Amino acid sequence: MNRILVDKWAISSQIIIDEAIKKWFQTEKISEENNLFSVSSSEKKVYFKSVDCWINSSLWLKICDNKELTYLIAEENNIRVPKSIYIDRSDLNTIDIDSIKVEYPVVSKPIDWGWWDWVAINLNNPEELQKGITYSFEDDSVMRVVIQEQ
């Protein structure tokens, strides 16, 4: 197993490569000038592209697609994030809306949607919040919703 090291690539890419090698996966530099590499096993091959923003593009996409992960990274970097409460689909029928301690108005939105689909804004009381949460879960693929103070 050879260790790929390219000075101009982001550290996150090198960490992925190092961890892959520790787990006995194959690593391959596909194109140094295009910052492209792969990690593979006998079952599958995953491609990665190191990017100039110092974060691996595969991770970058995951961060952008998942609001919870985005907010965690923002908080870790001292970026203010509105108070956030997460609700899983499995808790939808048992949640006690009155126990949710937030300052109204709030917004309810799926954590893993990048568009305005299933977003309810300007919820001003527990009754509106209940309707907003129900609306945010209308799509069967939504598994987790975030409630945030506006």
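How many helices and strands does the protein have? I looked it up: four helices and seven strands. Helices here are DSSP runs of H or I with at least four residues, strands are runs of E with at least two, and both are numbered from the N terminus. Along the sequence I read the pattern α-β-β-β-α-α-β-β-β-α-β.

Housekeeping before I go on. This is a predicted model, where local features need pLDDT of at least 70 and side-chain atom pairs count only at pLDDT 80 or more, while totals for chains, interfaces and linings use all residues. Residues are numbered from 1 along each chain as its sequence is written, and side-chain values use heavy atoms, with hydrogens and water left out.

**Sheet**

I found an open sheet of four strands, in the order S4-S7-S5-S6, with antiparallel pairing. Two strands count as paired if DSSP finds at least two bridges between them. Ile 85 sits opposite Ile 147 of S7.

**Helices**

Helix H4 (residues 126-136) lies across S4, S5 (106-110), S6 and S7, and runs at about 175° to S6. Such angles run from 0 to 180 degrees between N-to-C directions, with axes fitted to C-alpha atoms, for helices over the stretch in contact. Contact means heavy atoms within 4.5 Å.

Which residues of H3 (residues 67-76) are buried? They are Lys 67, Glu 68, Tyr 71 and Ala 74; buried means under 20% relative accessible area with a 1.4 Å probe, counting protein chains only. These four are on the same side of H3, because they cover an arc of only 125° around the axis. That arc is taken from the directions from the helix axis to the C-beta atoms. Just after H3, I noted a positive phi of about 60° at Asn 78.

**Cores**

The largest nonpolar core has 14 residues, and Ile 87, Leu 129 and Phe 137 are among those with the most contacts inside it. A nonpolar core is a set of buried Ala, Val, Leu, Ile, Met, Phe, Trp, Tyr and Cys residues joined through side-chain atoms within 4.5 Å. S6, H4 and S7 each supply at least two residues of this core. Apart from it lies another core, of six residues, including Ile 17 and Phe 48.

Last entry: 35% of the 150 residues count as buried.

Terms used: Buried < 20%, exposed > 50% of the residue type's maximum accessible area, 1.4 Å probe, protein only.
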